[in-house]
Amino acid sequence: MQEFLTTVILLLSSTLRLSVPLVLCGLAGLFSERSGVWDIGLEGKMLFAAFAAAAAAYQFDSAWVGLVFAILVAVLLSLIHGFASVTHQGNQIISGVAINFISSGLTVLLAVGWFALGGRTPQLQPEARFPTVILPFAEEMRPVPVLGAIYADLISGYNILVYVAFAAVPVTWWVFHHTRFGLRLRAVGENPAAVDTAGISVDWLRYRALLCGAILCGIAGAYLSIAQSAGFVREMSAGKGYMALAALIFAKWRPVPVLFACLLFGFLEALSIRFQAFDFGLGPALSTQIVQSLPYVLTVVLLAGFMGRAIPPKAGGIPYTKER
Amino acid sequence: MASFLNIRQIVDFAILPLMNVAVALLISGLVVLFVGQNPLEAVGYLVSGALGSGEGIGFTLYFATSFMFTGLAVAVASHAGLFTIGAEGQAYLGGLGIALVCLALDKVVPWYVTLVPAAMAGMLFGAAWAFIPAYLQARRGSHLVITTIMFNFIASSVMIYVLVNLIKEPGSMAPQTRLFDAGGLVPKLGEILPVDIGTAPLNISLFIAIAAAVFVWVLIWKTKLGFEIRATGANPAAARNAGIGYVKITIVCMLISGALAGLAGVNILMGDLGKLQLDFPAGIGLVGVAVALMGRGHPVGIAVASVLFGVLYQGGAEISFWMPNITRELIMLIQGLVILFAGALSLMFRSSVYSLVDLFRFSKREA
Amino acid sequence: MAAEIGSARHVLELSGINKSFGPVVANKDVNLSVKAGSIHGIVGENGAGKSTLMSILYGFYQADSGTIRIDGREVGIPDSRAAIAHGIGMVHQHFKLVENFTVLENIILGAEEGAFLSSSRRKARLELQRLAKEYELQVDLEAVTEDLPVGVQQRVEILKALYRQARILILDEPTGVLTPSEADHLFRILRRLRDEGKSVILITHKLREIMDATDTVSVMRRGELIATAPTASMTKESLAELMVGRRVLLRVDKSPSQPGEVVFDVKGLNVRDQRGVRMVKDVSLSVRAGEIVGIAGVAGNGQTELLEALAGNRVPDSGTVRLNGEEIAADPFRRRAAGVAHVPEDRHAIGLILSFPLRENASLGYHRRPEFGTSPMLKRSQLQHYAQDYISDYDIRPPNPDLRTSLFSGGNQQKIVLAREIEHDPEMLLVGQPTRGVDIGAIEFIHRRLIELRDQNKAILLVSVELDEIRALSDRILVMFDGAIVGEASPDASERELGLLMAGVTQEDQGRG
């Protein structure tokens, strides 16, 4: 029994840790897509932010400086996306794909150019990574049966970015439904003409949405390279940005369902790590490949909409022009 | 009126692609500077490596051949309004088909007998890999960009399994098949034409690529199916009202796209490597996206863009040989910038170029 | 009620307004004065410049030259925010509402009190209660906008403007989506506003509305404001003449119809729209050879979905459609092949591909017909041949089949769609809103062509929200309300009778009442 409980707790806490970048990217995508701008570039923004965080954390020996640089880089890429999509009304999908390519190339280029380690950044010392947050009385409570272990290992003991990520969900919900900014953001993604005729700038609203998303993406990237790992490795985002998008679509663009969809992805990844060499009876080689590809297959399955057709924000992907 | 049309075409197919590359190179040059290297030195190696010798030109055109296949693949789909990133995975699976045929026939028949079934297998496997994303987009509205990217990842897993466990060369640890015999290798251009291209693997696939380009041109602009494809891309609701089936066009288009991508394997496997190995596409599908955007979906533009990217690839190899701190990822950066300028910011470039052209024409008239 | 010109003040004065978009002159030296406490109509054809003028007034565009005075003071209106601040409110033809917002959210959008919404909601509720009582504008504030009937949505738009303390209210083509009685209710509201000293600018192309509802009328033609006069001194004919610049026939001469056999037969059709709402409820109708059946009704009562289902663009839940006794499958290709042609309501959305040259649009949907051969190749010469024929027969200008379709005027675009659908000799023609956005000269041509088709013994089903058009062309009129056919009338029926039917008052009710 004790062993079962331990396994479950380990699996669940793993799930929580692994879903953090997805949740953050998912919320980032929520901001921009609810405002009417498709954001395929989440992957690239997270990747580049991860690089910037690791490089800066190494350079300045501080995780917080790394976080700041991660956010700055994500903001820069979002501004490029905004410039192309909002100001110049270009194709938003192409712009997002371009950002992903640029990030893939630039991160390795800069990593090799600056650190000459074949595309990685140098290993970070513990001081340059985020500290673990131990909630009050966690150690004291551990001996308590069941609840103690849950409190000590499942609720306490993560680094601070994890708590930030999960707190971001209710905050996002509140911003969307109880602030003026949220009202206008939701409006501009459904009917930008309504916002325009009310005398509010459509473009500025969309830029602000992109910036909110950028901050979240920056945190996601920083988490990847300086919280979850000890440095940047090429292509370390491994498609998570796209999975976040699939989660977003599956959640029909609402904050709380996004959380659950991302937890599902996280759970799959936790399973694949825990049962890495597990043989399902198909031979270890095939089993490994199946487990490896599960998150990607799940993405396709979610998008195939077997759980109901998702209706996107009405003005999504359509650049706004005044009618003549 | 006729001369104005010509100017438009010149701008669209020659000036704009060159401008895109030029600005992309400019920005990349700044990045090179930023990492403490000399961009002018890099440009020097680029040009000399790609165009400075028969061998260099041979390599350039060899790469261009692969890019033409994937560029045409992306372009065909784009005319129906479908944006696909899947050429990478489709080329990969296409290679599997080609390899299977070659492994079966290479010791038994000469290359010109193997070529046709191998090419057809490549097209079949490539098309098959495009089918599910196409079907999901057509029937369920699942976003093609994401599903094709996912299928690229899944292709990786599939091919690892196949190469390591099913068709590996026995007795070897490397994840690749045995070498093809003479029946599975197509002749290099140096063998049949009086040109000296050294060790460059430029081969007869070049002619297949040109034929494919002509095929795409005829298909899109001269056939009824092409008319329906263009209509679907321009206004799907009007096309539907005209009795053009969206599901049929989406699937047919993507199958053609997958088939074209699958052909790239002929160039790489039968023309160069002589075996199927892990991750042989190495990014050509993604370059295809840049090439299709830069070439504005037209075979002529795609040919020009393919050669330009061939220059970048071959030149890039030369750069990383002499300047080891600048890796192949430089090319990926340039690719991304080209996609950004040719795709998302194209309006910005086009309108400024056209205003310049108009200005020029007005001043000429007044003179 | 006629106020003397000298004593009433001009709350709004536009002087010398000029606006061009490249080579196109949209407004040329326009002078307009609107008095306080009046309803001022602006009438003109499509493209006459009314919308541009109002857009300038609302801050969407800046005039190239000219001045705007409000209460005698010169003002600049750089954006909508400034317009609202100056007391200008606009009710657009296509509502600027967020469909999935509640009414309250739509009204406070842009006029919120502070960054957090709770105080905005409170304040708005109080104010809206007051406005509702004062102007008869009751609306359920918590209702979701897309669930409301169109007439009520329009009230939300008016409330939006009044909530922002508009003194000058501009209404752009407000009655296109209203029944005659809803339109009357609207005009009552407008008169109330006028009596309270507000000014109303009513933009419309409907001459009858000008006569019924306005105090003053200005006529615009080709970008110029050519006349302003008290409405009482004008007639519909004089207005039409001013609008076009020549005498206009408001009726088409036609001989009585001689209908033959039933060609097109619909039984028990039930259709839902994309949201799953039942829009066509158990509709049955038939059309004979040599007859035009007109379906009258206010937009949004299921006519669009009916037409879509009959054309094969929307699959019905149940019901059969027969052509000459044979059931035809619900597929646009097969409908056309069987002989049912379709001129859609929205030519820009589904009738034409605007980026294609005219030559390609001229055969869109017909390119696989036997006339084009069985080869997979598309012969440009063949396309050219058909396009040239249509250009000369239908007087399409400019007569250039290589030109992009988007560069042709609305009337010429509609003529190409009509030509394409008629010239392959269909048995049955479905046509929706044939003259929407079409100038008067082309309207006459299109109406004549439809009558000619009827006289060639073809069957035509006409759907239009323009009651005048229905009455001018139809041999039989069916009225649709809330998804069902509520009555049949002859084209000689009174407008009152038709209006009641359109509002859902069936003939039995009318008999009783």
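Trainee: A residue is buried if 20 or more other C-beta atoms, placed from the backbone, lie within 10 Å of its own, exposed if 12 or fewer do, and partly exposed in between. What share of chain B counts as buried?

Mentor: Of the 367 residues of chain B, 57% count as buried. Note that this is a predicted model, in which local features need pLDDT of at least 70, side-chain atom pairs count only at pLDDT 80 or more, and totals for chains, interfaces and linings use all residues. Residues are numbered from 1 along each chain as its sequence is written, while chains are lettered from A and ligands numbered from 1 in the order in which they are written.

Trainee: What pLDDT does chain B average?

Mentor: Chain B averages 88, and 96% of its residues score at least 70. pLDDT is the predictor's confidence in each residue, from 0 to 100.

Trainee: And where in chain B is confidence lowest?

Mentor: In helix H15 (residues 346-366) of chain B, with a mean of 72, whereas helix H8 (residues 205-222) of chain B is highest at 96. Helices (H or I, at least four residues) and strands (E, at least two) are DSSP runs, numbered from the N terminus. Chain B has 15 helices and zero strands.

Trainee: What radius of gyration does chain B have?

Mentor: Chain B has 21 Å, which agrees with the value near 21 Å for a compact globule of 367 residues. The radius is taken over C-alpha atoms, and the globule rule is 2.2 Å times the number of residues to the power 0.38. Along the principal axes, the C-alpha atoms of chain B fill a box of roughly 75 × 55 × 40 Å.

Trainee: Which helix holds A:Tyr163?

Mentor: A:Tyr163 is in helix H7 (residues 160-178) of chain A.

Trainee: Why does A:Tyr163 count as partly exposed?

Mentor: Because A:Tyr163 has 15 C-beta neighbours inside 10 Å. Apart from neighbours within four places in sequence, A:Tyr163 is in contact with A:Val133 and A:Tyr158. Contact means that the C-beta atoms, placed from the backbone, lie within 7 Å.

Trainee: Now chain C. What is the order of the open sheet of six strands?

Mentor: The order is S16-S17-S18-S13-S19-S20 (chain C), with mixed pairing. The edge strands, each pairing on one side only, are strand S16 (340-343) and strand S20 (484-489) of chain C. Two strands pair if DSSP finds at least two bridges between them.

Trainee: How many residues of strand S13 of chain C are buried?

Mentor: Six of the six residues in S13(C) (residues 291-296) are buried. C:Glu291, C:Val293 and C:Ile295 point one way, and C:Ile292, C:Gly294 and C:Ala296 point the other way.

Trainee: How many bridges join S13(C) to strand S18 of chain C?

Mentor: Five, and the two strands run parallel. C:Gly294 stands opposite C:Leu462 in S18(C). S13(C) also pairs with strand S19 (residues 476-481) of chain C, in the parallel sense over four bridges. There, C:Ile295 stands opposite C:Leu478, and C:Ala296 has C:Val479 as its bridge partner.

Note on methods
Contact = placed C-beta atoms within 7 Å.
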